[in-house]
Amino acid sequence: MEIILRLSVSVIFLCFGLVNGQNFSVLDFDATGDGQTDDSNAFVKTWNAACGGGGDISILLIPAGRTFLIQPIVFNGPCRSSNTKVQLEGIIVAPSNKEAWSNPNSRMWIKFSAVLGLVIVGSGTINGRGSSFWEQHLKASQRPTSLHISKCDNLIISGITSIDSPKNHISIAACTNVVVSNIGLFAPEDSPNTDGIDISRSTNVNIFDSTIQTGDDCIAINTGNTNINITRINCGPGHGISVGSLGVNGGSAAVSDVQVTQCTFNQTMNGARIKTWPGGQGYARNISFENITLINAKNPIIIDQQYIDKGRVYSAEKSAVAISNIKFIDFRGTTLKKNAIKIDCSATTRCKDVLMNGINITMADGKQPRVDCKNVDGKSEDTILTHDCFENI
């Protein structure tokens, strides 16, 4: 709670301009803002000026009423000011199609790296124009992330909108002390791999009060993360909020202390999900999903230790990511699928200390759904639905 309160104070001061700072508008550095002219160089020049400015805060302004076309671009730190703020009020668009990208093989469109105290706020929009990538049925590894942020401690993102990313909308990697709030991430339900937010190798990440409607996970929590707090997210359509996938190609995973609370899954493919690959190593522990609302979610609760992505070949299980201390508490609402709860754990490690209480899920037609559990140790105080899931009651 201390981290959340401290960073929330920063949001108040930095987002609403209560700290004096020097403004650097992209229009003052020859940006056109007509949506047709490449403004990448103007953005680089503006960043260099803002990042090189001293004082408490430097502000890079992207003004309202203009549309700025930029190619793949990197904003590098460290910066001289204590905080660097990107005030996004206008619209940023990617090139109109894949062939128009200066580097069609780029894996990132907009990247921030090693900027301490980076603040990205405003009512503006980032449009990744991802449809040409989706139509070519390219693999996820062949498509770019719209907004990639790495090694940016004390990061704040608030208010912005991202639409139609070619792949995931936002990736947060190797960051400590992060607050993401009041953002909107949108892509068609059938758009491939358009995760809302992917988190990896990060600590003390707080995401709240946001709407995510995409073609894949609303939020994906990958390996190397600890102390992740996700609150009041409206998720759907999409694939729910996932821990994983973990342990691909026999890799070692480490995820701990994840709290997902007061979220809504609306017509999602999945709800609360933990997914690991056969043959993986490491652990996923101290993970809770609490006070969850379901609106016709197909798979409200899943632990899948036999996860195999498309195009991969199953290999015999010799090890597994160890899953323990998992809580599913106070789930209420409707599902479209008969097998609403699936806990498919590894015979090698089993899932341990799993708690399911207050699970009140019905099918949309009013019937009682089923529970399918395998190799799981835990308990439930419920008298119906989840009580028979555990072998050691």
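1. A disulfide here is a pair of cysteine sulfur atoms within 2.5 Å, and the structure holds four of them. Please keep in mind that this is a predicted model, in which local features need pLDDT of at least 70, side-chain atom pairs count only at pLDDT 80 or more, and totals for chains, interfaces and linings use all residues. Residues are numbered from 1 along each chain as its sequence is written, and side-chain values use heavy atoms, leaving out hydrogens and water.

2. Let's start with Cys-51 and Cys-79, whose sulfurs are 2.1 Å apart in a disulfide. The link is left-handed, at -105 degrees about the S-S bond. Both cysteines are buried (under 20% relative accessible area with a 1.4 Å probe, protein chains only; exposed is over 50%, partly exposed in between).

3. Cys-218 and Cys-235 form another disulfide, with 2.1 Å between the sulfur atoms. Its S-S torsion is about 85 degrees, so this one is right-handed. Cys-218 has a relative accessible area of 0%, and Cys-235 is buried too, at 1%.

4. Cys-345 is joined to Cys-351, S to S 2.0 Å, in a left-handed link with -100 degrees about the S-S bond.

5. What about Cys-152 and Cys-175? The sulfur of Cys-152 has its closest cysteine sulfur in Cys-175, at 5.3 Å, which is too far for a bond. Cys-152 is buried at 0%, and Cys-175 also counts as buried, at 0%.

6. Finally, have a look at Thr-214, buried with a relative accessible area of 0%. Its side chain reaches the backbone oxygen of Thr-194 at 3.1 Å and the backbone oxygen of Asp-216 at 3.2 Å.

Terms used: A polar contact is a pair of N or O atoms within 3.5 Å; within protein, one must be able to donate a hydrogen and the other to accept it, and residues adjacent in sequence count only if both atoms are side-chain atoms.
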